[in-house]
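Student: Can we go through this one together? I have the structure open and some quick questions.
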Protein chains: 2
Amino acid sequence: MPVPLSPEIVATLDAYWRAANYLSVGQIYLCGNPLLEQPLARSDVKPRLLGHWGTTPGVNFVYVHLNRLIVDHDLDMIYVIGPGHGGPGLVANAYLEGSYTEHYPAIERSRSGMERLFRQFSWPGGIPSHVSPETPGSIHEGGELGYSLAHAYGAAFDNPDLIVACIIGDGEAETGPLAASWHSNKFLNPARDGAVLPILHLNGFKIANPTVLARIGREELTDLLHGYGHEPYFVEGDDPAILHQVMAETLEVVLRDIKTIQSEARTAPASMPPRRPRWPMIVLKTPKGWTGPKVVDGLPVEGTWRAHQVPLADFSKPEHLHQLENWMRSYRPSELFHTNGKLRDELSNLAPTGHRRMSSNPHANGGSLLQPLSLPDFRDFAVAMPAPGAVEAEATRVLGHYLREVMRLNLEQRNFRLFGPDETASNRLDAVYDVSGKAWMAEIDPVDMDLSATGRVMEVLSEHLCQGWLEGYLLTGRHGVFSCYEAFTHIVDSMLNQHAKWLKVSRNIPWRRPIASLNYLLTSHVWRQDHNGLSHQDPGFIDQVANKTSDIARVYLPPDANCLLSVADHCLRSRDYVNLIVAGKQPEWQWLGIDEAVRHCTAGAGIWHWAGVEDEDPDVVMACAGDVPTLETLAAVTLLREYVPDIRIRVVNVVDLMVLEPRSEHPHGLDDHGFDAIFTTDRPVIFAFHGFPAMIHKLTYRRANHRNIHVRGYKQEGTTTTPFDMVVLNDLDRYRLALDAIERVPRLADRVATARDRYWTTMERHKLYIAERGEDMPEVRDWRWST
Amino acid sequence: MPVPLSPEIVATLDAYWRAANYLSVGQIYLCGNPLLEQPLARSDVKPRLLGHWGTTPGVNFVYVHLNRLIVDHDLDMIYVIGPGHGGPGLVANAYLEGSYTEHYPAIERSRSGMERLFRQFSWPGGIPSHVSPETPGSIHEGGELGYSLAHAYGAAFDNPDLIVACIIGDGEAETGPLAASWHSNKFLNPARDGAVLPILHLNGFKIANPTVLARIGREELTDLLHGYGHEPYFVEGDDPAILHQVMAETLEVVLRDIKTIQSEARTAPASMPPRRPRWPMIVLKTPKGWTGPKVVDGLPVEGTWRAHQVPLADFSKPEHLHQLENWMRSYRPSELFHTNGKLRDELSNLAPTGHRRMSSNPHANGGSLLQPLSLPDFRDFAVAMPAPGAVEAEATRVLGHYLREVMRLNLEQRNFRLFGPDETASNRLDAVYDVSGKAWMAEIDPVDMDLSATGRVMEVLSEHLCQGWLEGYLLTGRHGVFSCYEAFTHIVDSMLNQHAKWLKVSRNIPWRRPIASLNYLLTSHVWRQDHNGLSHQDPGFIDQVANKTSDIARVYLPPDANCLLSVADHCLRSRDYVNLIVAGKQPEWQWLGIDEAVRHCTAGAGIWHWAGVEDEDPDVVMACAGDVPTLETLAAVTLLREYVPDIRIRVVNVVDLMVLEPRSEHPHGLDDHGFDAIFTTDRPVIFAFHGFPAMIHKLTYRRANHRNIHVRGYKQEGTTTTPFDMVVLNDLDRYRLALDAIERVPRLADRVATARDRYWTTMERHKLYIAERGEDMPEVRDWRWST
C-alpha cells in the first residue's frame, strides 16, 4: 500500500476503523441486538452504562494505521495506551484481529460472540472498563494516568527490533511522571535498543476541562517537543478522508526517520561517539469523541469534554435511544460484518497475522519470552566469618560485587539492568560499573566517569522513571533491581499499587505467563540518614508493600551482608512478586556465616542460640528485624549479661517479615506451633523493629503471645544527628531495650529502680557527649560483640 | 545602584558573596577558630563532616543579587530553594542579614556567635543540613527534591505584590513533579497574583552524574523553556567579576519584564480578554562547587559531581587541612568581618532591612499573616431529616453548597482556594463555580465553561501540582481544600510525608506561627469505584496519614452528609493538622439530623441507640466507620432483626478514627473507660471498616476487648462491577456482617447452620442476578432503613 494511499485503500482502512468504532460503542452500550438487525430497543441497552468513549475513536484510528504500517513493513510492534480508559477500542481491535477469540474462546467471531463481547464489557464478572491485564497486547494498566511513556521505554530497552507505539493522552501529559518521561530518550541507544514512537493524542479535553497542551498554541507546543528532543509531526483535523491520507503519509515519514536513525547508529564505526538523534513523534489532534454524537440535549458533545464517558446516557428519553441507533448505524455495520457477525474478509485481511498482531505480540506477554538469569553462586561473595560480630562489612557493597557478576553473566543475554535515582554509587553498588556503565545518550564531558551508550545501569533523578522503566522492562520479559533511598521510595507508592494490582490479576489469567519479580533494594535507610536529617527518614514503604495481597508481597530485612546475599539471590529467581529488601550500606558488624545465613533466610526467622543466655527457658525474648535493630538488640544483650548476669535471654531474628503473620493470612506465615516455639506463649518479647512499631502488632495480633510483645521502632523522631542518637531519639537504643527487658521480667522487679537510674545516667552522658563533641560515646563507638 | 554596576559596587557585592560563602564553608567544616585567627588545626574541624557544598555558592550568588534588587526596587520577595541541601548558604545569608540572630539570639553577630553558628550546623541538637523549618525565610523543606516550583506558585497566588524567586536544581528538574510544575504559569494571573521568577541552576551535576538539562545543548534547552512558556535569560560563566555584572543586568531586565507584564495586565480594560504572557526566567550556569577546591587528591572537584557534598573530607591528610585553610582564606575573611566577628558595615548596608529581608519576610512565616476564614453556619446547609434513613443525599454535593458559601464569604479576603485534579465536578463540588470559576490563563474556546482568569478553583491533571500549590498557599498563610479520588491520593504520599514533617518540626519552633491545616477530601472512594475498576480502588491513604505523629494526623469518616458538614467546618477552623476526610459522592441514605451530627462528630464515635435492639446489654456490637460500611451495617441489622428477632444489637459508628487509639497515643483517643463503655469488654464486635482491616487492629490492639473485635474491610478485591458486588467481593456486605454476628453470639450457636445456608443461598442469588442482569438484586437496590 504505497502512500499516498489509493482511494480503495482509504475506503478499506476507514471501514476497518468504523468496525473498531462500532464494536467500541457496542461494548459501552449494548447487551443484545449486536448487529442492529432489529431497531434498537431499550432492552438492548445495558442497565448501567460504564465506559469512556471520548478517547476511543482516536485510539482506534491510530491502531488501524499502525496495522497498515506493520503489514507493509513487517514490523515488530507493540502499543502502550496512556489513555487506557479507551479500553473498548483495544478490546475491539484484538477481537477484529482474532487474538481475542484465541485468548477467550467464548468470545467467538460470530453474532453470538459479538453479543458476549458487548455484554462482558464493564459487566460484573466480565472485563474492566480500562485497558487491563485482561486485554491482549497490553503491558499497561490504563486506570491511573502518567506512566505510559516510561513503560514504553522500558519495553524498548534491549529490544532492538521492536517499535513501541505509545499513545499519550493530553490530560495524562499534565502529570508529573509523564512530563519527566519525555527525557527518557537521553537513555535510549538507537544501536542497541528499540524505538519508542510517542503519539501525543491532543483531543483537547479531560473529564471536565480543556488540557494545557491543547491550549498553548502550535508554536509553543512545537518548541516544547523540540525541547524534549523530538521532531513532532502534526496530524490534525476531523475529516477522516483527509486524515487517513495524512496519517498514513506521516507514519511512513516517521518510520523512515526511525529506520534512518537506527541504521546510522548500527552501522557507525565503533570509533565514532554515539549521537543522540532527534526522534520523530506524532501529534494527533482530533476531536474528543470523534464520529460520536455532535449534540445531545442541545449541548455540543463531539469535540468537548462531554464526550469523555458516555455521551448518551438517559434512555428514559426516546431521543437518546434514537441517537444511539443512528450513531451506531453511521458506521454502516452491514458493510463491515457478515450477517453471521464475522468481519468481512477484505477487512480482516488488512490486519497483521500471528505474532505480528499487536494484540498477540509476545513482548506484551513478557513471561512467554522470559529467560531465567544466569546467576553466580552467591556463596562466592560471602563475608568470611571467624565468629559472629568479629568482622565489619558494608552489606550493599558486598551485594554490589554479587550484582557485578550477575551483570557480567547476563551481558550477552541483555536481559538485566540496575535502576536507581542517581544513587547507585551512593548505595555502594558501584562495582557493577566494572562490567557495565551508566546508560547515557546526552552530551559527555571529559570529566565524566562510567557513562556509556551501552551502559546497563539506569540513573536518572526520578524515582518515577526508574520504576516506570523497570516495570516496562519486567513486563516485556526481562529482569532488574531498583535501588533507592528508603524514604523516597514513597514517591512511587501509587506506581507500586498499580503494578501489584497488575500482578494480582495477571496471576489468574491463564495465558499471561509469570514475569520476573519487581525487586526493591531500599538502602540509605531511616536509621542511617542521620546526616541528611528528618526529610530522609521514613520506613513506611514497608507498610505500603505489606498492604498488598499475600500472593504478591514479600518483605525482607536481612541483618547482615551474607543474609542480604541469600535474600537477593532468592528474589532474582522469583516470579510475579514484589520483593522489598531493606539493607544498610554502612560498615556494620556481621553475624552469620554464609551457610548459616542461607538456613536462617530460608526459615525466615529463628532463634540465635549463640547470642542468647540459657535460652531454653528464657525470662525474656529479645527479637529484632532489620540490621540496626539487630545491632542494638545484641548490644542490649551485652549490657544485660553484664548488669543482670542471672537473666535468661532468647535472641530471635526475623528476616522475612511475613513469617509473623498467621499461615492463614500469608503463605510465609509460621504456623502457630512454629511461632510459639520461637516467641513462647507467655514470656515478654522485646521486639526491636526497623519500621513503624504498629506493623509488628498488625502482623502478630492473632498470635497467642501477642499481649506480651512490646515493640520499639521508628516513631517519627529524627534530625541531623549521629547514628546512635537516631536510635536514642526513637527509644530503639540498646540501653532502652535492656531496660525494657528488665522492666518486664517479674523476678527482676527489685532491680528495676537501679536499672532505670543507670539508664537515665547513661542518657545524660550520651546527650552531653554528642552535644559537646558531635559524636557518640566511646562505649557505643567501640562496642563489639563478645561472649 | 544602576546597572552596569560600578566597580565599587561589584567589589562590595562580591565581598558580601564571599562572606556568605565563607560562612557556608565554616558551617560545614569548623567547630572552632571561626575567623581563622590562628592557623587551622585539625581540632578546629568537626569530627563528622555533613553538608553539601556543591550548590551553595550558586545559591549564595543568587541571594546577594536578589538583595541588591530588593533594595534598589523596594521589592517584596521571598525565595524557594529547590536544591535545599544548600542549607548552609541560606543560614549564612539569614545570619548576615541579622534575622538569624533575631530568631536565635544565642547565635550573636560576634566571634562567639559565629562559632556557635558553625558548630550548630549538622550537629546533634543543632540544625539540619538542609533548608528546613528552622531556616528563617523558608517555606520549603529542601530534603526531597521536586516540589520547589509548585510551592513557589502556591505562594504567589493571591499575593499580587510578591515576587517568589525559585531556584530549581538541574537535578531536581529531572523529577516528575518539577517537570509538571513548569506549566503552572497557565494558572497564574498577572493581574491578581504575584510573580514567580524561576532560576534554573544549571550547575551540571547531581550526586554522581551529570544532569540531563545540562547536556542537551543551549538550543534544545531554550526550546524547552520556550515550550514551558518562559523567556530564558542565560547567565553563564565562572569569572565572578563578569558574572556579577551579567547577573545584575539580567535581573534588571527580568524585573522590568515582570513589571511590564503586571502593569499591562492590571491596567487593561475589563473588556479585554486576559493574555498569558511569556514570563521571564533565568538559567544560571555556573560550576558546581564554584570557588571551592579545584583539585583534591589529584582529581578535579570544582565543576564536577565530586563537589556535591564535602570536597575535602580526609583530615588524616595534612594536605586537606591545608587546602581547607587556603580555601577559606581565599574569601579574605579579614576584609569581611571585624575582629569581633561582626560583618563590616559597608557590607551589612547592602542587605535589605526589616521585613524586606528575604529571611524575615512575613510571607515565609505564613501563620503570622493568617486570617481565619469567614465561615457560614454549616447548619444552614443541612439535609432535613424526618427520621434516620428517610432521605437520600449526595454527601459531597451537600458539602459543595457549603463550600460555595465559604468561597463567597472569602472572595474579598482572597485567601481560599479549592484544588483538584480535574475532578471538582466529578466529585460534585461544582456548586462553587456559581461563585468562582476555574483558574485558566491558557487559550479559551467558546465551548468552555466556568474557566476564568480570576477563578479560585484550581484544576490540573496532576495530584502533585494540586498538593504542591496548596502547600505553598497554606505555608504563606492562606486556606484550602484538596479534593481527590481516594486511590490516586497515593500519588502524593511522599509530599504528604514531607509536609507532615514540616508541621511537626514547625510546631516546636516558637517563631513559626500556626498555619491552616492541610485538608484532604477523598471521595470517589474505593467502594464506589465499581465503574472504573480495580485501578481506582485503594483506601490506603488512611494508613499513610495514620502513620504520622498524633499531633498532626486526623482521619474522619463521616457516615452521611450532615456529619460531613460538621467535620468540614471543624477542619477549616483547625491549624497545623493534616485532616483526612473520606466521604462518598453517590446518593446514599442519610442518618443524622444536623444537631445529632454535630454531637456525634464532636464525640468522634458513639452508640446509635436508634439503630440498635435492646442495646444496653448487647449480644453483639455492630461497629462501622465510613459511609458504605455504615449502610451495610444498618442493612445487616435489618436482616438480623428479621431472622433472629431475639438478638440484642448495639450499633456503634466511628467518625473520628483516632478515637480508637489509646489516649496515651493520640489526643483524640478515648480513655479506656470511654472505649469500654462503647465497645464493651467482652462482647463480640463486628467492625465494618472503610479501609484495610488491619488498621482497626493496629489502633485497638491495646484495648480490653480487642480479642473480640472482628474487622471487615477492603482486602484488595475488586473489578468493574456493581457497588454491592464490591462489598460482597470483600466480605463487607450486609449478609456477611449479619452472619458474622450470628456466628459470634454463643447463645445463637444453634442457628448458625441455618444462617450459613441462608447466606450461601443469598450469595448464589446475588451472583446469578448480577451476571444475568448486570445489576444488584432488588432487595439490595430497594432496601431502606425502617424500625
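Student: How many bridges join β4(A) to strand β5 of chain A?
Tutor: There are 7 bridges. This is a predicted model, by the way. Strand β5 covers residues 279-285 of chain A, and the two strands run parallel.

Student: Which residue stands opposite Trp279(A)?
Tutor: His230(A) does. Trp279(A) is in β5(A).

Student: What order do the strands of the sheet come in?
Tutor: In chain A the order is β1-β2-β3-β5-β4. These 5 strands make an open sheet with parallel pairing.

Student: And which strands stand at the edges?
Tutor: β1 (76-81) and β4 (230-236) of chain A. Each has a single partner strand, so one side of each has no neighbour in the sheet.

Student: By how much are neighbouring strands turned against each other?
Tutor: By 20° on average, ignoring direction.

Student: Which helix packs on the sheet?
Tutor: Helix α9 of chain A, residues 240-267. It touches β2 (162-169), β3 (195-201), β4 and β5 of chain A. The direction of α9 makes about 165° with that of β4(A).

Student: Let me pick a residue. Where does Phe234(A) lie?
Tutor: In strand β4 of chain A.

Student: What does Phe234(A) touch?
Tutor: Val283(A) and Lys285(A), leaving out residues up to four places away in sequence.

Student: How far apart in space are Phe234(A) and Asp750(A)?
Tutor: They are 83 Å apart, C-alpha to C-alpha. In sequence they are 516 residues apart.

Student: How many residues of chain B are in contact with chain A?
Tutor: 96 residues of chain B, in contact with 96 of chain A. Elements of chain B that give two or more residues to that side include α7 (176-181), α8 (217-227) and α24 (752-773).

Student: What classes of residue are on that side of chain B?
Tutor: It has 33 nonpolar, 37 polar and 26 charged residues.

Student: Why do the copies meet through the same surface?
Tutor: Because 100% of the interface residues of chain B are also interface residues in chain A.

How values were computed:
Residues are numbered from 1 along each chain as its sequence is written. Chains are lettered from A and ligands numbered from 1 in the order in which they are written. This is a predicted model: local features need pLDDT of at least 70, side-chain atom pairs count only at pLDDT 80 or more; totals for chains, interfaces and linings use all residues. Two residues are in contact if their C-beta atoms, placed from the backbone, lie within 7 Å. Two strands pair if DSSP finds at least two bridges between them. Helices (H or I, at least four residues) and strands (E, at least two) are DSSP runs, numbered from the N terminus. Axes are lines fitted to C-alpha atoms, for helices over the stretch in contact, and angles run from 0 to 180 degrees between N-to-C directions. Ala, Val, Leu, Ile, Met, Phe, Trp, Tyr, Cys and Pro count as nonpolar, Asp, Glu, Lys and Arg as charged, and the others, Gly among them, as polar.
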